[in-house]
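Thanks for coming. I will go through one structure, from the whole chain down to a few single residues.

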Amino acid sequence: GSNRVHRIAVIPGDGIGKETVPEGVRVLEAAAKRFGFQLQLDDFDFASCDYYARHGRMMPEDWKERIGKHDAIFFGAVGWPDTVPDHVSLWGSLILFRREFDQYVNLRPCKLMPGVPSPLAGRKPGDIDFYVVRENTEGEYSSVGGRMFPGTDREFVIQESIFTRHGTDRILKFAFDLAQKREKKHLTSATKSNGIAITMPYWDERVAEMAKAYPDVRWDKYHIDILTAHFVQNPDRFDVVVASNLFGDILSDLGPACTGTIAIAPSGNINPERTFPSLFEPVHGSAPDIAGKGIANPIGQIWSAAMMLEHLGEVEAGRAIVKAIETVLSEPKLRTGDLKGPANTVTCAKAVADALG
Ligand code: NAI
Ligand code: MG
C-alpha cells in the first residue's frame, strides 16, 4: 500500500448528481489503483433536497464539523425546484461551503476536447486550452450599501465594490502560480481601469506588483469588454486569465461556452492554503429533465475528479484522467446522447476508467 491517503467527502446532492458522482468515484478508484495512492471516501446525504424534505433544512447544524477536516469535497449538483426553491437549496448548501471554507478561487478550465463541436468556427482540439481564475469572495459582489427614500423622487441605491489588498493579492498569487506551472507561462488580467477609475487601477497596480515575483511569466491585461471579444475571436491567445468576482463570473461562463457543452465542464472552488477543504464539482446543475434515466454525461463530474486529484498533489493521476477523457471523447460510440453518441452514464464512465489502464 501507499502512505498517500486522501480523505474525501462525497456529496452527490440532487438529480443527475446521484448518477454522475458514483461514476466519478469509479474513475477516482481506478486512478488510485493505477497511481498508488489511497482514498478514504465518506458519503454524505445532506446538501440535497431529499435531505430538506426529511429535515426541513439543507444540512445538519454540525455540517462544518462533519466535512471540515476532509482533504476535499467531491460534489455533484444541488437543486430540485419542484420541491425546494433554488435560492433556498443553493444558499443553504453550496454558498455556505464557499463562504465558510473560504474557497476564494473559482477555477475553470476551458479546453476544446475531441468530439465536442465548438460554437467557434474553424477551431480544433488543442486550439483552446486555458484557465479562468475568478475571485470568489469580494469585489463587486458585496452586501455593503443600501436603499434610501424608497418610492420617492429622492430614491437612491448604493452597492460598494470591495477590493482588499489581502483579497486581491491572494487571487493574483494563485493565478501567477498556476501560470508559472504551465507550458506557456502567460497570464492575462481582466480590467476596466478606463471606466471604473478607482478599484480597477488598484487591481492593475497589484497585478504589476505581483508580476515582479514571477519574472518568467509573461503577462498582459485587457479591458473586460474587448476581452470578451477576444475570447470568441482569439481564444488561442490565452493561458491563465485572472479576474475579479463580476468579470470572472462572466468569463467563466463564456470560456466553457466557447469550448462546447456544459455537460463536460468541471470547476474547482479552492482554498489554496488548505485551511479548509476545497470543493470540486461539474459546472452543470442537477438536470431534472433527464434525472433518473441514466443518460447524463458523466464527463464534467469525472474531469472535476481530475482537478481534485491535481489539487491533492496527484498531478500525474489528474493528467492521466484528462487524457483518458480525451481518448473516450474521440470515440463516437463511447459518447453519451448529448454528444449524439449511444453510450449512457455508466458505459461512458467505465470507458474512461478502462482508458486509464
Ligand atoms: P442544468 O445544468 O441542470 O441543465 C441545463 C440543461 O443541460 C438541461 O437541459 C440538462 O438536461 C442539460 N445537462 C446538464 N448537465 C448535463 C449532463 N451531464 N449530461 C447531459 N445533459 C446535461 O441547469 P438548470 O436546468 O438551469 O438547473 C437545474 C437545477 O440545477 C436547478 O435547481 C439549479 O439551481 C441547479 N443548479 C445547480 C448547480 C450546482 O449545483 N452548482 C449549477 C447550476 C444549476
Ligand atoms: Mg455564473
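Over residues 7-352 the chain is 39% helix and 19% strand, with the end C-alpha atoms 23 Å apart. Helices here are DSSP runs of H or I with at least four residues, strands are runs of E with at least two, and both are numbered from the N terminus. That stretch, 7-352, is what an unreviewed UniProt entry annotates as "domain: Isopropylmalate dehydrogenase-like". UniProt positions are in the numbering used here, feature names are shortened, and such annotations may be inferred rather than shown by experiment.

Some housekeeping. This is a predicted model, where local features need pLDDT of at least 70 and side-chain atom pairs count only at pLDDT 80 or more, while totals for chains, interfaces and linings use all residues. Residues are numbered from 1 along each chain as its sequence is written, and chains are lettered from A and ligands numbered from 1 in the order in which they are written.

Now the whole chain. The protein chain has twelve helices and twelve strands. Its C-alpha atoms fill a box of roughly 60 × 50 × 45 Å along the principal axes. What radius of gyration does the protein chain have? The value is 21 Å, which agrees with a compact globule of 357 residues, because that would have a radius near 21 Å. The radius is taken over C-alpha atoms, and the globule rule is 2.2 Å times the number of residues to the power 0.38.

Of the 357 residues, 46% count as buried. Buried means 20 or more other C-beta atoms within 10 Å of the residue's own, exposed means 12 or fewer, and partly exposed is in between, with C-beta atoms placed from the backbone.

The domain assignment, which is automatic or from a database, gives domain 1 (1-105 + 268-357) and domain 2 (129-258). Their centres, over C-alpha atoms, are 27 Å apart. Seven residues of domain 1 contact eight residues of domain 2, where contact means C-beta atoms, placed from the backbone, within 7 Å. On the domain 1 side, the touching residues are four nonpolar, two polar and one charged. Nonpolar covers Ala, Val, Leu, Ile, Met, Phe, Trp, Tyr, Cys and Pro, charged covers Asp, Glu, Lys and Arg, and polar covers the others, Gly among them.

Next, some details. D102 sits in the loop between α5 (94-100) and β4 (105-111). D102 counts as partly exposed because it has 18 C-beta neighbours inside 10 Å. D102 and N271 are 169 residues apart in sequence, yet 6.0 Å apart in space, C-alpha to C-alpha. Beyond its neighbours within four places in sequence, D102 contacts N271, T275 and F276.

At the other end of the numbering, helix α12 (residues 345-355) has buried residues that include C348, A351 and V352. The buried residues of α12 pack against α1 (17-35), α10 (299-311) and α11 (315-329). Just after α12, G357 takes a positive phi of about 85 degrees.

Most residues other than glycine have a negative phi. Which way does phi go at K185 and A287? K185 has a positive phi near 45 degrees, and A287 also has a positive phi near 45 degrees. K185 lies in the loop between α6 (165-181) and β8 (186-191), and A287 lies in the loop between β12 (278-282) and α10. K185 counts as partly exposed, with 16 C-beta neighbours inside 10 Å, whereas A287 is buried, with 22 other C-beta atoms within 10 Å.

Methods:
Contact = placed C-beta atoms within 7 Å.
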